[in-house]
Amino acid sequence: MDEPVESTAHPKSVIEVRGFQKSYDGTVAVAGIDLDLAAGQILGLVGPNGAGKTTTLRAICGIIPPTRGRLLVAGHSIADDPVNAKRRLAYVPDDPRLFDTLTVCEHLEFMASAYNVPDLAMLGPTLLDQFELTPKRDTLAQELSRGMRQKVAICCAFLHDPLAILLDEPLTGLDPRGIREMKDAIRRRAEAGAGVIISSHLLSIVEDLCTHLFVLHRGRRVFTGPMHEARAMLGESAAGLSLEEIFFRLTEGEPPVVDGADGAPLVTEPGDGPPPPGAGARAP
Ligand code: ATP
């Protein structure tokens with residue numbers, strides 16, 4: 001299938017997830033969520049350990065099949081049209097795997113060949129320079145530090161100019177300069193029209209970087225919307241709260257059960273229905 005399937009989301013939708021459910025051996029990890037990411041947005045995907053964040057990212061990328069639901073990248077179904085979907089996608093997991101016996105440059109050459117990137121000669125040095133990897137260009141991956149390996153994975157992910165960028169804990173292992181470079185690079189990609197999802201427990205960085213927020217709690221969506229609307233949803237008492245405090249309010253107690261099985265949205269768009277349990281309560 002070459003043509004994108006008809007999308008019900010915003011025309012500039014980069015990622016559209018409808019009724020995504022994932023069960024492992026009968027245990028529900030993600031209970032039927034909708035998620036939208038538009039061009040230019042940086043979406044913070046947050047939630048406690050085991051909330052279903054990595055499961056969601058891996059399903060969007062086609063690494064694991066959904067139990068139910070529809071996942072589109074730039075209008076292409078990851079299940080039915082995986083090549084066109086993956087062409088527009090980059091995913092950097094929290095423990096990126098490199099090829100131990102390839103050098104930094106050879107990683108970029110490999111990715112350029114896999115994604116048919118024509119201008120590696122120009123893009124490669126620019127990326128290496130941006131992430132201060134130029135002195136390591138001929139170093140084997142197995143001889144790189146953890147932070148450097150993370151940067152190589154990011155360079156490989158950015159090389160084919162993806163429209164959808166999924167990053168699982170992208171700042172882990174980076175030094176302060178690396179964190180600043182990474183944040184700048186993410187902002188530039190979004191300004192250039194990419195949509196970015198960042199899954200992270202570093203809430204201060206999510207707050208600093210993200211335009212939108214998606215909070216998962218025990219496989220259920222407890223908030224999605226622009227960052228400032230999370231405060232609005234929690235009411236006047238949330239004015240001025242940090243994202244960390246908002247996070248605690250949204251993820252304490254049981255998430256509301258609306259259905260969880262048939263793919264309908266579970267909870268709440270801002271201003272839509274009652275606040276979740278814990279809204280208005282004190283953060284621990
Ligand atoms: P963390 O913040 O700890 O990384 P997460 O939000 O990314 O957590 P997931 O890794 O998506 O959470 O896991 C969601 C649930 O699915 C957890 O209960 C986890 O134990 C379960 N799970 C994840 N992968 C598998 C698997 N391969 N087999 C069985 N259960 C799994």
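In this predicted model, the axes of helix H3 (residues 104-114) and helix H4 (residues 120-130) come within 11 Å and cross at roughly 135°. H3 is therefore oblique to H4; angles under 35 degrees count as roughly parallel, over 145 as roughly antiparallel, 65 to 115 as roughly perpendicular and the rest as oblique. Axes are lines fitted to C-alpha atoms, for helices over the stretch in contact, and angles run from 0 to 180 degrees between N-to-C directions. Helices (H or I, at least four residues) and strands (E, at least two) are DSSP runs, numbered from the N terminus. Residues are numbered from 1 along each chain as its sequence is written. Because the model is predicted, local features need pLDDT of at least 70 and side-chain atom pairs count only at pLDDT 80 or more, while totals for chains, interfaces and linings use all residues.

The crossing of H3 with H4 is right-handed; a crossing is left-handed if the near helix is turned anticlockwise from the far one by less than a right angle, and right-handed if clockwise. On the H3 side, Val104, Leu108, Glu109 and Ala112 meet Leu120, Gly124 and Leu128 of H4, two residues being in contact if their C-beta atoms, placed from the backbone, lie within 7 Å. The contact of H3 with H4 comprises 5 nonpolar residues, 1 polar and 1 charged. Ala, Val, Leu, Ile, Met, Phe, Trp, Tyr, Cys and Pro count as nonpolar, Asp, Glu, Lys and Arg as charged, and the others, Gly among them, as polar.

H3 also packs against helix H5 (residues 146-158), at an angle of about 25° and with the axes 9 Å apart. The two helices, H3 and H5, are therefore roughly parallel to each other, and their crossing is right-handed. Val104, His107, Leu108 and Met111 of H3 make this contact with Val152, Cys155 and Cys156 of H5. The contact of H3 with H5 has 6 nonpolar residues, 1 polar and no charged residues.

An open sheet of 6 strands has the order E6-E7-E8-E3-E9-E10, with mixed pairing. From one strand to the next, the twist averages 15°. Strand E3 (residues 42-46) pairs with strand E8 (residues 195-199) in the parallel sense over 4 bridges; pairing requires that DSSP finds at least two bridges between two strands. Leu43 stands opposite Ile197 in E8.

A second open sheet consists of 4 strands in the order E2-E1-E4-E5, with antiparallel pairing. Here E2 (27-38) and E5 (76-77) are the edge strands. E1 and E2 pair in the antiparallel sense over 9 bridges, and the bridge partner of Phe20 in E2 is Ile33. The hairpin formed by E1 and E2 has 2 residues between the strands, and Asp25 in the turn has a positive phi of about 50°. Strand E4 (residues 68-73) pairs with E5 in the antiparallel sense over 2 bridges, where Leu72 stands opposite Ser77. H1 lies across E1 (13-24), E2 and E4, and runs at about 120° to E1.

The residues around the ligand are Tyr24, Ala29, Gly47, Asn49, Gly50, Ala51, Gly52, Lys53, Thr54 and Thr55; a residue is near a molecule or strand if its C-beta atom, placed from the backbone, lies within 6 Å of it. Helix H1 (residues 53-60) gives the most to this shell, with 3 residues. By class, the shell around the ligand has 3 nonpolar, 6 polar and 1 charged residues.
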